[in-house]
Amino acid sequence: MLITICDDKKALGKEAASLGAMHIRKAIREKGICNVAFVTGLSQIETLRNLASEAGIDWMKVNVFLLDEFIGLPAGHEASSSTFLYKNFLNLIKGVNSFTAISSDPEKVEETVKYLNKTMAEHPLDVAFICIGENGHLAFNDPPADFDTKDPYIVVELEDRSRRQQAGEGWFKSIQEVPHQAITMSIYEILSSKHIIVSCPDQRKAKAVAMSLFDDITPLSPCTAIRRAGDTALYLDRQSSCLIFSDRRS
């Protein structure tokens, strides 16, 4: 794992986007297409906007996927991963080959997961842009995460710490408004990506970052799974990296 500590989140976003752009261009050169997955959230804004401004990427040769989506959100809700990605990335570029949204319709969960799993089987990931949640989750794989399933997407119950983070970031007025379930890309599928880029700024992520580097690799610490990936680049700023110069959590 390559760990890069940047001065601030703006520098972090620029560095992470630059590496991601390099991998995307390389995949397009080698096979004519690139499959990319994105996580959403405040921590990703700088990376996404910098990636959208990268030169020399033929986005019409890129297939875009989401890492997760809440179940039960109304269409266009600001907390929707699709809404976020359109606002902070897709609307900033000319277009992509395809964008596979995740339906939040609670009446179509089984149908949605079946479609997503079939689609992902046909589109192995080249690059995954991810983050680490305050509770150590990857995507919405909250602890204890399912490390065994090989299904690309699964339905999960969100723990209260994860739901509090969503309210704390301002996506919902209170934790009571945050859905209890989500569709998420599985740990196995995330780790299957040829390249993983983790953009993780801010003080509130410091304990989770330390968890990812120092805890035993178990379902109780989902973020530790990134240490199993073949090619992972972890980008931190000074705030999120403050506990990793030896384990300083105690």
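Two strands pair if DSSP finds at least two bridges between them, and strands themselves (E, at least two residues), like helices (H or I, at least four residues), are DSSP runs numbered from the N terminus. The structure examined here is a predicted model, in which local features need pLDDT of at least 70, side-chain atom pairs count only at pLDDT 80 or more, and totals for chains, interfaces and linings use all residues. Residues are numbered from 1 along each chain as its sequence is written, and side-chain values use heavy atoms, with hydrogens and water left out.

Seen strand by strand, the open sheet of 7 strands runs in the order S1-S10-S9-S6-S2-S3-S5, with parallel pairing. Strand S1 (2–6) and strand S5 (98–100) are at the edges; each has a single partner strand, so one side of each lacks a neighbour in the sheet. Strands S9 (residues 195–200) and S10 (residues 232–237) pair in the parallel sense over 5 bridges. Within this pair, Val198 has Leu234 of S10 as its bridge partner.

Helix H1 (residues 9–31) comes next. Its 23 residues reach 33 Å from the first C-alpha to the last, close to the 33 Å expected at 1.5 Å a residue (the expected span is 1.5 Å times one less than the number of residues). At the start of H1, a side-chain oxygen of Asp8 comes to within 3.2 Å of the backbone nitrogen of Lys10. After the helix stands Gly32, with a positive phi near 85°. Buried residues of H1 include Leu12, Ala16, Leu19, His23 and Ile28; here buried means under 20% relative accessible area, exposed over 50%, and partly exposed in between (1.4 Å probe, protein chains only).

Another helix, H3 (residues 81–88), holds Ser81. With 4% relative accessibility, Ser81 is buried. The Ser81 side chain makes a polar contact with the side chain of Thr40 (3.1 Å); such a contact is a pair of N or O atoms within 3.5 Å, where within protein one must be able to donate a hydrogen and the other to accept it, and residues adjacent in sequence count only if both atoms are side-chain atoms.

What of the cysteines? A search of the whole structure finds 0 disulfides, a disulfide being a pair of cysteine sulfur atoms within 2.5 Å. For Cys6, the nearest cysteine sulfur, that of Cys200, is 12 Å away. Cys6 is buried, with a relative accessible area of 6%. The sulfur of Cys242 lies 11 Å from the closest cysteine sulfur, in Cys200, too far for a bond, and Cys242 is partly exposed at 26% relative accessibility.
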